[in-house]
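Please open the model in your viewer, with the sequence alongside, and follow the stops below in order.

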Amino acid sequence: MADHEAALRGGAVAGESVLIEGASFRLGSPEWVLDWLAEQNQPFPTPWFRDETPQTLVEVAPFVIDRHPVTSGRYAAFVEATGYRTVAERRGWSLVYGADYWEGTPGASWRRPAGRDSGYVPPDDHPAVHIAVEDAEAFAAWAGGRLPTEAEWELAARGPEYRLWPWGDEWSRELTNTTELRLGDAARSAAEWRAWWKELQNDQGPIPLTTPVGSFSPHGDSPYGVADMAGNVYEWTASPSRLYGPSPDCDESLLSVMGRFRVIRGGSWMNLRFQARTSERLHGDPTGWACFASGFRCVRDP
């Protein structure tokens with residue numbers, strides 16, 4: 001019983017968490033990555049990625065990280081034990097990508113990711129979604145942990161030496177859950193992605209295309225054996241959004257959230273491979289933003 005409770009609460013049994021030794025490394029992307037992105041057939045302008053540079057030297061102390069994102073089953077155990085209600089449940093809606101764009105969908109939450117009108121219930125071994133920052137922090141406190149800092153997350157995802165994806169610099173759509181898993185490697189415009197998603201919704205509804213945690217292990221894991229660090233769900237960090245250094249050509253929409261938003265890492269099932277790199281940064285409003293691709297994992301001090 002004690003081992004079972006530990007597995008549910010902190011993932012603190014063998015194989016469920018990983019000790020990361022401390023390291024000094026350069027956080028962010030080297031300049032060649034932005035040059036490489038500009039050469040790729042991908043739909044995002046280079047300034048969209050400029051907040052990944054310049055690289056900055058950081059020192060990270062040892063920490064223990066969950067091997068997988070927190071699953072629906074683990075989140076259900078937390079809710080059963082505490083009676084906690086997520087932000088989405090309290091306000092009665094959360095964000096789901098509709099036919100053309102994001103929509104506040106009634107009844108959408110970790111219990112019903114596609115909304116109250118859908119019969120879809122997430123499997124216990126899929127990552128919990130529709131998780132806001134305060135929902136993640138409440139679980140982490142109950143489990144005896146906390147959210148990772150941005151530097152801790154990136155170190156766990158790639159190790160002290162730079163690599164594009166957790167497994168290395170050579171892309172393979174069979175190693176992670178991103179859009180390419182279903183549509184192939186040809187980068188698509190936003191319009192093409194929306195057309196595919198609209199057709200899919202007509203068939204099954206707006207069901208998140210998450211996969212069971214660890215589905216791509218061990219080959220898709222990081223050098224430390226941490227799984228799902230690319231794709232599947234976005235993961236909250238504890239770090240406020242900030243620039244690493246002067247960035248005159250950074251996208252204006254990114255500059256507008258610095259100091260107000262929280263860094264999100266890892267990309268998700270609905271992103272292209274370029275947004276699931278180890279140094280790619282997304283940013284979310286910590287005062288309640290959540291969607292059917294937002295999740296998290298926990299860390300602990302050793």
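**Aromatic pairs**

Begin by selecting W48, which is partly exposed at a relative accessible area of 27% (buried means under 20%, exposed over 50% and partly exposed in between, with a 1.4 Å probe and protein chains only). This is a predicted model, in which local features need pLDDT of at least 70 and side-chain atom pairs count only at pLDDT 80 or more, while totals for chains, interfaces and linings use all residues. Residues are numbered from 1 along each chain as its sequence is written, and side-chain values use heavy atoms, with hydrogens and water left out.

Next select F139 and F296, whose ring centres lie 5.5 Å apart with the planes at 75 degrees, so the pair is edge-to-face (rings of Phe, Tyr and Trp, the last by its six-membered ring, pair if their centres lie within 6.5 Å; planes under 30 degrees apart count as stacked, over 60 as edge-to-face and the rest as tilted). F139 is buried at 0% relative accessible area, and F296 is buried at 1%.

**A charge over a ring**

Now select R91, which lies over the face of W93 at 4.1 Å from the ring centre (a charge sits over a ring if NZ of Lys or CZ of Arg is within 6 Å of the ring centre and within 35 degrees of the ring normal).

**A ring cluster**

Finally, select Y97, Y101, W102, W193, W196, W197, W269 and F292, which ring pairs link into a cluster.
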